[in-house]
Amino acid sequence: MARIIPIESGTDEEKAQAIAAATDVLLRHRPVAIPTETVYGLAADATSAAAITSIYETKGRPRFNPLICHMSDLDMAERYAVFDPVSRTLASAFWPGPLTLVLPLKADAGIHPLATAGLDTVGIRVPVGFTAELIRSLGRPLAAPSANSSGRISPTTAQHVEADLGQKIEVIIDGGPCPVGVESTIVKVENGEIHLLRPGGIEAEAIEAVTGKTVIRLKASGTAAIEAPGMLASHYAPNASVRLNATGVAPGEALIAFGPGEISGSSAARAVLNLSPGGDLAEAASNLFDFLKRADASGATGIAVATIPYEGLGEAINDRLMRAAAPRGTEG
Ligand code: TXA
Ligand code: MG
């Protein structure tokens, strides 16, 4: 069992204790589970080979899949990466927040090559709240993938982290449920054009509104695997099979619904969980991973998921659901 340290009451004393406990583990080159606005992260010193190795080992993650490096603010980020004007505009508009920028790495600045899987770019984001304070206090960037075993559903509560990784880590900082609930949006600017590597907590529409530029999506058959090496087809895998765009519930299935509409057969479902009865996509995103885990825990043989609109945060929700429904055996 990991030590779970709450920071939810928000007192300075509580925060100072949590920062001290996390720092003690981090300085021993070990990982700590930390709350962010998107999902819980498994954080370790991005400048230490031993620390990064312990992240890959704890998660069982393939080492070709680079980690996002978290910074306290834009000033710190500029020490480690080269910003073009569009990326700087995006950083100013959305940091702290659920946006990761893939940028040219300043090779001698100190990020360990294991964190970037040897690439000449680095994924950087500035998270909201406690984790940015922890990084500022530590004075070093934290590499942090989601705090789940590789290929499994990302955690949005400290209890999710404990259930998956509690035997392998020392400390979990408990900031309560993550308000966004899906991971950060990842973009890479090349020649002034914005490429979407992973839809996430910042809507593509918001990026377009701030920059006046069209966000370019990778085609389904395109180079996503190369551009964001972690975007493997099967990910977020529950034990039960996942069936999308369901209009009815089959015997033995649990239902994940969205909006006020009725789905036939739902009275016989093993569990019925509505992501947002009022049809709000932000509420749906914040419930998504918890409901996938709960539907799985209901003992259902399959999980039927109602249609979710594609606009706004619906793009990230549908991306995660498609990965949860993909054939198994290719997860990362
Ligand atoms: O919201 C989030 O982004 C969470 C929290 C903890 O910050 N983190 C997260 O990390 O989702 P992870 O490791 O589960 O996903 C990181 C993704 C992977 O798909 C990885 O391939 C991609 O970011 N990535 C990291 N560095 C990259 C780079 N230099 N170029 C392209 N893709 C990169
Ligand atoms: Mg992940």
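In what follows, Ala, Val, Leu, Ile, Met, Phe, Trp, Tyr, Cys and Pro count as nonpolar, Asp, Glu, Lys and Arg as charged, and the others, Gly among them, as polar. The structure described here is a predicted model. By this division, the lining of the largest cavity comprises six nonpolar, three polar and two charged residues. These lining residues are Thr185, Leu196, Pro199, Gly200, Ile202, Glu203, Ala204, Gly312, Leu313, Glu315 and Ala316. The largest cavity holds about 50 Å³ of space, and a search of the whole structure finds one cavity of 30 Å³ or more.

Leu196, one of the lining residues, belongs to strand β10 (residues 193-198). Because its relative accessibility is 6%, Leu196 counts as buried. Apart from neighbours within four places in sequence, Leu196 is in contact with Thr185, Ile186, Val187, Val215, Ile216, Arg217, Leu218 and Glu315. Between Leu196 and Ile303, the C-alpha to C-alpha distance is 29 Å, and 107 residues separate them in sequence.

The interior was examined next. In soluble globular proteins, nonpolar side chains tend to be buried together. The largest nonpolar core of the model has 67 residues, and those with the most contacts inside it are Met71, Leu90, Trp95, Leu99, Leu101, Ile173 and Ile207. Helix α1 (residues 12-27) makes the greatest contribution to this core, with six residues. A second, separate core contains 30 residues, including Ala240, Ala285, Leu288 and Ala316.

Trp95 touches Leu74, Ala77, Phe83, Leu90, Leu101, Ile124, Arg125 and Val126 when residues up to four places away in sequence are not counted. Trp95 is also joined to Pro96 by a cis peptide bond, with omega about -5°. Pro96 lies in the loop between α4 (85-94) and β5 (99-104).

Strand β13 (residues 253-257) is largely enclosed by the rest of the structure, because five of its five residues are buried. In a regular strand the side chains alternate between the two faces of the sheet. In β13, Glu253, Leu255 and Ala257 point one way, while Ala254 and Ile256 point the other way, and all are buried. Strand β13 pairs with strand β15 (residues 302-305) in the parallel sense over four bridges, and Ala254 has Ile303 as its bridge partner in β15. Three bridges join β13 to strand β14 (residues 272-274), also in a parallel arrangement. In β14, Leu273 stands opposite Ile256.

Helix α6 (residues 158-165) likewise has buried residues, namely Ala158, His160, Val161, Glu162 and Leu165. The elements that cover them include β1 (3-6), β2 (32-34), β3 (41-45), α2 (49-59), β8 (171-174) and α9 (281-297).

Backbone geometry was also considered. Most residues other than glycine have a negative phi, and most peptide bonds are trans. Asn191, a residue other than glycine, has a positive phi near 50°. Asn191 is located in the loop between β9 (185-190) and β10, and Asn191 counts as exposed because its relative accessible area is 83%. Asn245 has a positive phi of about 50° although it is not a glycine. Asn245 is placed in the loop between β12 (241-243) and β13.

How values were computed. Residues numbered from 1 in each chain as written. Chains lettered and ligands numbered in written order. Predicted model: local features only at pLDDT ≥ 70, side-chain atom pairs only at ≥ 80, totals over all residues. Heavy atoms only, no water. Core = buried A, V, L, I, M, F, W, Y, C linked by side-chain atoms within 4.5 Å. Buried < 20%, exposed > 50% of the residue type's maximum accessible area, 1.4 Å probe, protein only. Helix = DSSP H or I, 4+ residues; strand = E, 2+ residues; numbered from the N terminus. Contact = heavy atoms within 4.5 Å. 1 Å grid on protein atoms, 1.4 Å probe; cavity = no way out; pocket = protein on both sides within 12 Å on 5 of 7 lines; lining within 4 Å. Points joined across faces, edges and corners; volume = space filled by probe spheres on them. Pairing = 2+ DSSP bridges.
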